[in-house]
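Here is a short briefing on ring contacts and overall layout. Have the structure open as you read.

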Amino acid sequence: MPMPAKSAMMQLTQKNPNRRTKAELEKRVRNEKKLQMADDQLQPPAWLEPGAKKVFNRVVEVMTPTQILNNADLEMLAVYADTYYDYISYKRKIRKTGLVADNGKPNQFIAQKRNAAASLSRLANSLGLTPAARASLAIHMEDEDDD
């Protein structure tokens, strides 16, 4: 399994363990800067539950310095926040009702929580909410010098 991508800055702080050339690292730094977008003041959509709106606002607050998210990501970010809120709700229901249902079978919310976790992972990667996702975006960008 390949190693997850790391940002150029992370590689530089780790003394370039992948032995990239200076030109390759400089290209990555330029590409990572291109990924930074203007601060668009993302606002949660009205249909989100209050708890999901808190998740939405927290992600926006954390991601604003990276300048990766913008208004084009609004719907995907809203779905991420909604799914995260669902995940927490399933977790609470499992805690309240137990791991095993009255009929002796596993609690139905366990499977729903697992599905929500898988969706969260995919959405987080799509939105660049993981370090590997952000680094991968910078690696695969075209550089003007590559033309």
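The charged end of R58 sits over the ring of Y84, 5.7 Å from the ring centre. This is a predicted model.

**Y84 and its partner Y80**
- Two aromatic pairs turn up in a search of the whole structure.
- The ring centres of Y80 and Y84 are 6.4 Å apart and their planes meet at 25 degrees, so this pair is stacked.
- The cut-off for stacking is an angle under 30 degrees.
- Helix α4, residues 74-97, holds both Y80 and Y84.
- Four residues separate Y80 from Y84, about one turn of the helix.
- Is Y80 buried or exposed? Y80 counts as buried, because its relative accessibility is 11% and the limit for buried is under 20%.
- Y84 has a relative accessible area of 27%, so Y84 is partly exposed.
- Y84 therefore has a stacked ring partner in Y80, and the charged end of R58 sits over the Y84 ring.

**Y90 and F109**
- Y90 and F109 form a stacked aromatic pair, 6.2 Å centre to centre, with 25 degrees between the planes.
- Which helices does the pair link? Y90 belongs to helix α4, and F109 to helix α5, residues 108-127.
- The two residues are 19 apart, and the pair links distant parts of the chain.
- Y90 and F109 are both buried.

**P44 and its contacts**
- P44 is in the loop between α2 (22-34) and α3 (50-63).
- Which residues does P44 contact, leaving aside its neighbours within four places in sequence? They are K53, F56 and N57.
- P44 and F56 are twelve residues apart in sequence. Their C-alpha to C-alpha distance is 6.3 Å.

**Whole protein**
- The protein has six helices and zero strands.
- Along the sequence the pattern reads α-α-α-α-α-α.
- The protein has 147 residues, and buried residues make up 31% of them.
- Take contacts between residues at least 6 apart in sequence: 62% of these join residues at least 24 apart.

Conventions
Residues numbered from 1 in each chain as written. Predicted model: local features only at pLDDT ≥ 70, side-chain atom pairs only at ≥ 80, totals over all residues. Heavy atoms only, no water. Phe/Tyr/Trp six-rings, centres within 6.5 Å; stacked < 30°, edge-to-face > 60°. Buried < 20%, exposed > 50% of the residue type's maximum accessible area, 1.4 Å probe, protein only. Lys NZ or Arg CZ within 6 Å of the ring centre and 35° of its normal. Contact = heavy atoms within 4.5 Å.
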